[in-house]
Amino acid sequence: MNELEQLIERVARAQPTRRAPASLQGRVFAQIAAQPWWRRGFSHWPVPARAAFLVASLGFIKLALAGFVSVVDFVHSSDVAGVTALHRTGEAVSTTVSLAEMVFHAIPAAWLYAGAAVGFTLYAVLFGLGTFAYRTLYVQR
Amino acid sequence: MENQAEFAKFMHAYQDMVFSTAARLTGNDAQAEDIAQEVFLKAYENFPSLRTSPTAGGWLKTVATNLTLNHLSRYRRRWRLFSEMRRDDEDEPEIDFPVADTIVADIEAGQRHELVEQALRALPEHQRVPLVLYHFEEMSYEQIAEQLRVSLPKIKTDIQRGRAAMAKWLKKAGAL
């Protein structure tokens, strides 16, 4: 460390933290109050909105599963020449889905809700981590 | 309401630190206040986890630094260009530096602190930013070079020139 570096280091060390303007806190709270709820973090959403979001998410999952099962049924029931391989694949998928359905019905409802909650939480955490990593490692540079 | 009161307390604890970081990096109090506001809006979004986190201060400092550098990044290209330019009179700072113990003996502390802030503001951005990151934010040369995407030798040169310019300014102002 040369003499000049030492000098500036001493000056920096002796320098106190600057006082934030008195208006800062008021500005932040005004901005928070002006934000619509959907632009805030999920934890700040009103409870009914959070509940509706969860119900809608579950609805979408159910819809997606129903759509998938319909496609499988369609493939299974169609009798088109030259699509044996497709039928076989359809049967395999159908069997798998039936098995999954049986397992699904065998699982107590509370477990399913807990599983859905865990899945949702993991999704939220991964989404948050992804956003954080993107903002930290890419955007901030 | 309770949440807001808690957040106000949280802000009160950290707002000077956040503002200082932004103000020293930008050299502009109005911009620093805008950045500090943005930092605390992000903190509010994350308040459920930050309120009990022992690393909340570090989180705020990192966000303040990154947002400030983002804010400055629109000038980054120009800054790089100026950083590349060499002026003969900047290469060798011809200043007599005082020995450490004699720093600003004659003026009062408050006045000295204000002069140091003024000296920082007087530095060109390509010198002020790396200098503040090194001496005030305690980042290494390597971290600064990576963060600013500037080569390591250039960062060292900019910081050295910044130190020389700052010392010269302080000496002229009677603070050294």
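Figure 1. The contact draws 28 residues from chain A and 32 residues from chain B, two residues being in contact if their C-beta atoms, placed from the backbone, lie within 7 Å. On the side of chain B that touches chain A, at least two residues each are supplied by α1 (2-26), α2 (29-45), α4 (56-73), α7 (109-122) and α10 (152-172) of chain B; the largest share, eight residues, comes from α1(B). Helices (H or I, at least four residues) and strands (E, at least two) are DSSP runs, numbered from the N terminus. By class, this side of chain B has 19 nonpolar, eight polar and five charged residues, where Ala, Val, Leu, Ile, Met, Phe, Trp, Tyr, Cys and Pro count as nonpolar, Asp, Glu, Lys and Arg as charged, and the others, Gly among them, as polar. Because the model is predicted, local features need pLDDT of at least 70 and side-chain atom pairs count only at pLDDT 80 or more, whereas totals for chains, interfaces and linings use all residues. Residues are numbered from 1 along each chain as its sequence is written, while chains are lettered from A and ligands numbered from 1 in the order in which they are written.

**Figure 2. Helix α1 of chain A and its cover from chain B.** Chain A has five helices and zero strands, and buried residues make up 5% of its 141 residues; a residue is buried if 20 or more other C-beta atoms lie within 10 Å of its own, exposed if 12 or fewer, and partly exposed in between, with C-beta atoms placed from the backbone. Helix α1(A), residues 3-14, contains twelve residues and reaches 17 Å from its first C-alpha to its last, close to the 16 Å expected at 1.5 Å a residue, the expected span being 1.5 Å times one less than the number of residues. Its buried residues are A:L7, A:I8 and A:V11. Seen down the helix axis, these buried residues fall within an arc of 90°, so they line one face of α1(A); the arc is that of the directions from the helix axis to the C-beta atoms. Their cover includes α7, α8 (125-135) and α10 of chain B, and of these α8(B) is itself mostly covered, with ten of its eleven residues buried.

**Figure 3. The largest nonpolar core.** This core has 47 residues, and those with the most contacts inside it are B:V18, B:F19, B:A22, B:A36, B:V39 and B:A64; a nonpolar core is a set of buried Ala, Val, Leu, Ile, Met, Phe, Trp, Tyr and Cys residues joined through C-beta atoms within 7 Å. Helix α1(B) gives the most to the core, with eight residues. Domain 1 (2-73) and domain 2 (76-86 + 93-172) of chain B both give residues to the core, so it lies between them, the domain bounds coming from an automatic or database domain assignment. Leaving out residues up to four places away in sequence, B:F19 touches A:R18, A:A20 and A:L24 as well as B:A32, B:E33 and B:A36.

**Figure 4. B:T26 and B:H71.** Setting aside neighbours within four places in sequence, B:T26 is in contact with B:Q31, B:A32, B:T68, B:H71 and B:L72, while B:H71 touches B:T26, B:Q31 and B:I35.
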